Amino acid sequence: VAGGLADFAARGVLAPTLPKYVEDELGGSELAVGVAAGAFGLSAALLRPLVGTLGDRWGRRVLAVGGSVVVAVSVFGTIVATSVPAVSGLRLLTGVGEAAAFIGFAAACQDLAPDGRRAEAASYFSVATYGGLALGPILGEVLVASSWAAVWIAGGLLGLLGAVLAVPAPG
């Protein structure tokens, strides 16, 4: 649950900041903002069915750790992204990581729960999901006051923290 919280916070820091970055720093149009902000959802949605199968084959830990690392790399990459296509490409990569991490963390929570407490485990995972998506934007807004790089570094570090916390997840 803690790993999922960190992983979702990594994406949450981008929710309020990425649109501003695309528009203000990269000169992107409203359409460009929408494409860059939403690109991760496209790749995540398309890959989730495949990722679920891989999680059954390779284990939850691989998905949670690997997905969080991919999220971290994609967010760190924004530091050097100087165009809308570059940011959009990184966001597609974020979606790849999100697809893996979400399924890995969710399935691990279910695996660790006793038979009679699986719904309770799902509720704790939802706290991680929505907690990260609630805290991340606040952190992003606080950090953007100092620099864009601070936002990308914090998001990347949160993704790495999610990966580290996922290491004990069921294999």
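Begin by selecting Arg-48 and Glu-98, whose side chains meet in a salt bridge with a distance of 2.6 Å, N to O. The model on the screen is predicted. Arg-48 belongs to helix 3 and Glu-98 to helix 5, so this pair links distant parts of the chain, 50 residues apart. Colour the two residues by accessibility. Glu-98 counts as buried, because its relative accessibility is 5% and the limit for buried is under 20%. Arg-48, at 27% relative accessibility, counts as partly exposed.

**The salt-bridge network**

**From charges to rings**

Next, show Phe-8 with Arg-11. Here Arg-11 lies over the face of Phe-8, and the distance to the ring centre is 4.3 Å.

**The aromatic cluster**

Phe-8, Phe-102 and Phe-125 form one aromatic cluster. The structure has a count of six aromatic pairs. In one of them, the rings of Phe-8 and Phe-102 have centres 6.0 Å apart and planes at 80 degrees; the pair is edge-to-face because the angle is over 60 degrees. Phe-8 is in helix 1 (residues 2-12) and Phe-102 is in helix 5 (residues 84-112), 94 residues apart.

Now turn to Phe-8 and Phe-125. Their ring centres lie 6.3 Å apart with the planes at 70 degrees, so this pair is also edge-to-face. The pair links helix 1 to helix 6 (residues 118-144) across 117 residues of sequence. Both Phe-8 and Phe-125 are buried.

**Around helix 1**

How many of its eleven residues are buried? Nine of them are, and the helix is mostly covered. Among the buried residues are Gly-3, Ala-6, Asp-7, Phe-8 and Arg-11. To see what covers them, display the other helices: the covering elements include helix 2 (14-25), helix 3 (30-58), helix 4 (60-77), helix 5, helix 6 and helix 7 (148-166).

**Two salt bridges of Arg-60**

Move to Arg-60, which counts as buried at 17% relative accessibility. Its side chain meets that of Asp-56 in a salt bridge (3.2 Å, N to O). Asp-56 is exposed, with a relative accessible area of 61%. Arg-60 also forms a salt bridge with Asp-111, where the closest N and O atoms are 2.4 Å apart. Arg-60 lies in helix 4 and Asp-111 in helix 5, so the pair ties together parts 51 residues apart in sequence. Asp-111 is partly exposed, at 38% relative accessible area.

**Last stop: Leu-160**

Finish in helix 7 by selecting Leu-160. This residue is partly exposed, with a relative accessible area of 35%. Which residues does Leu-160 touch, not counting those up to four places away in sequence? The contacts are Ala-72 and Phe-76. Finally, draw a C-alpha to C-alpha distance from Leu-160 to Gly-67: the two are 9.9 Å apart in space and 93 residues apart in sequence.

Conventions:
Residues are numbered from 1 along each chain as its sequence is written. Side-chain values use heavy atoms; hydrogens and water are left out. Rings of Phe, Tyr and Trp (its six-membered ring) pair if their centres lie within 6.5 Å; planes under 30 degrees apart count as stacked, over 60 as edge-to-face and the rest as tilted. Helices (H or I, at least four residues) and strands (E, at least two) are DSSP runs, numbered from the N terminus. Buried means under 20% relative accessible area, exposed over 50%, partly exposed in between (1.4 Å probe, protein chains only). A charge sits over a ring if NZ of Lys or CZ of Arg is within 6 Å of the ring centre and within 35 degrees of the ring normal. Contact means heavy atoms within 4.5 Å. A salt bridge is a side-chain nitrogen of Lys or Arg within 4 Å of a carboxyl oxygen of Asp or Glu.
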